[in-house]
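Please work through the following exercises with the structure at hand. Each task is followed by a solution in steps.

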Amino acid sequence: MKIVFFIGNLKGGGKERRLLELIKYLCNQSELEIHILLIRKYIDYPIFNQLNVKYTYIINKNNKKIPLYIVYKVLLFINKIKPDIIHTWGSEETFYILLSKILFKIPLINGQITSAPPKESIPLGQRILNKINFAFSDIIISNSYAGIESFNPPRRKSIVIYNGIDLKRFEDLTDKDLIKEKYGIITPFAVIMVASFTKNKDYNRFIRIANIICQNRKDISFICVGGPGKDISYFELAKKIAANNPLIIFTGIISEVEALVNACDIGVLFSPYGEGISNAILEYMALSKPVIAYDSGGTREVIKNGENGFLIKEEDDEQISKIIIELIDNYKLRKKLGENGRKKIEEYFNIQKMGKEYMNIYDKFI
């Protein structure tokens, strides 16, 4: 079986991480031949070089993206490879490959649904593009039921496959004290948020809450892990709100996220526009950290309030500050929520479960 995975790039991100987890699983399936097609040659994950899979990119990093040229290059690539299945990982990628799918009559698995924004927030142009993509797709995969509700693809050919985490990633991590020393964490406790600085992640709120807590507590650090998005103003504003508070630490993009999360006590993710299934939240849980996140999108499919974390509904900054302090001061509660989260990962969000579900889909088309 020959499969082409088509994704924009392999920069740090949720769907990129999920694709690499899937490929890592599929590499152990001897009957598969895997090809990765990228629009741009951005590869931020060191693990990619260990997978030993074939890849091709269409344009260089800084070259202008010309849609007709991309469609043409995709057509040449698909004609050369002649895959049994095409699996896309984005709405643009799905649209670019439609002509190849139609001409060569190759089954198209559409994996573009990775978020769960409010329906009314999806622009008209994006909704039209989605309808076209969905019409020509053979199967549409979302990583959450909330994503299905948001994007409303044809239900008869839609399916949910949750993200899978390879738990081996969380073994043999660097010692917590060494990690704390490396990133300048001098307090006994730390709260972490892992996300890029974009409008979809509310770092400003995380930092406001940090400032509130730091007025009375000097034993808690707040760690911001991630880099600026295309609009650097979100990052600059976050730095301004932090106002040189020494207990708020900006790490930038790092390769040892797991080890740093492991050295912290609570994982936070504020997503004002909703998530599908967040890899950051799954990683917090895999490392037995209680989670604080918004009660929206697919997050409520992962976090159960008071069971493995806390879901934020209408709480203000002061109320969230009190939740964080309660968790910091209550070791037994923190430990219980963290252990429940780890158990949920082992049962519902492991790499073997995700990989088998994808293999079942592929087998239906061969």
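**Exercise 1. Salt bridges**

Task: State how many salt bridges the structure holds, and determine which parts of the chain the pair Asp 317 and Arg 208 ties together.

Solution: The model, which is predicted, holds 22 salt bridges. In one of them, the side chains of Asp 317 and Arg 208 meet at 2.7 Å, N to O. Asp 317 belongs to helix H12 (residues 317-329) and Arg 208 to helix H8 (residues 203-214), so this pair ties together parts that lie 109 residues apart in sequence.

**Exercise 2. Buried or exposed?**

Task: Classify Asp 317 by its relative accessibility of 15%, and Arg 208 by its relative accessible area of 35%.

Solution: The cut-offs are under 20% for buried and over 50% for exposed, with partly exposed in between. At 15%, Asp 317 therefore counts as buried. With 35%, Arg 208 is partly exposed.

**Exercise 3. The open sheet**

Task: Give the strand order of the six-stranded open sheet and identify its edge strands.

Solution: The order is S10-S9-S8-S11-S12-S13, and the pairing is parallel. Strand S10 (248-252) and strand S13 (309-312) each pair on one side only, which means that they are the edge strands. Neighbouring strands of the sheet are turned by 20 degrees against each other on average, direction ignored. Within the sheet, six bridges join strand S8 (residues 189-194) to strand S9 (residues 220-225). For Val 194, the bridge partner in S9 is Val 225.

**Exercise 4. The cavity**

Task: Find how much space lies in the largest cavity and what kinds of residues form its lining.

Solution: The structure holds one cavity of 30 Å³ or more. About 40 Å³ of space lies in the largest cavity. Among the residues lining this cavity are Tyr 162, Asn 163, Phe 349 and Glu 357. The lining divides into four nonpolar, three polar and two charged residues. Helix H14 (residues 351-364) supplies the largest share of the lining, three residues.

How values were computed
Residues are numbered from 1 along each chain as its sequence is written. This is a predicted model: local features need pLDDT of at least 70, side-chain atom pairs count only at pLDDT 80 or more; totals for chains, interfaces and linings use all residues. Side-chain values use heavy atoms; hydrogens and water are left out. Two strands pair if DSSP finds at least two bridges between them. Helices (H or I, at least four residues) and strands (E, at least two) are DSSP runs, numbered from the N terminus. Axes are lines fitted to C-alpha atoms, for helices over the stretch in contact, and angles run from 0 to 180 degrees between N-to-C directions. On a 1 Å grid over the protein atoms alone, a cavity is a set of points where a 1.4 Å probe fits but cannot get out, and a pocket is an open set with protein on both sides within 12 Å along at least five of seven lines; lining residues have an atom within 4 Å of a point. Grid points are joined across faces, edges and corners, and a volume is the space filled by probe spheres set on the points. Ala, Val, Leu, Ile, Met, Phe, Trp, Tyr, Cys and Pro count as nonpolar, Asp, Glu, Lys and Arg as charged, and the others, Gly among them, as polar. A salt bridge is a side-chain nitrogen of Lys or Arg within 4 Å of a carboxyl oxygen of Asp or Glu. Buried means under 20% relative accessible area, exposed over 50%, partly exposed in between (1.4 Å probe, protein chains only).
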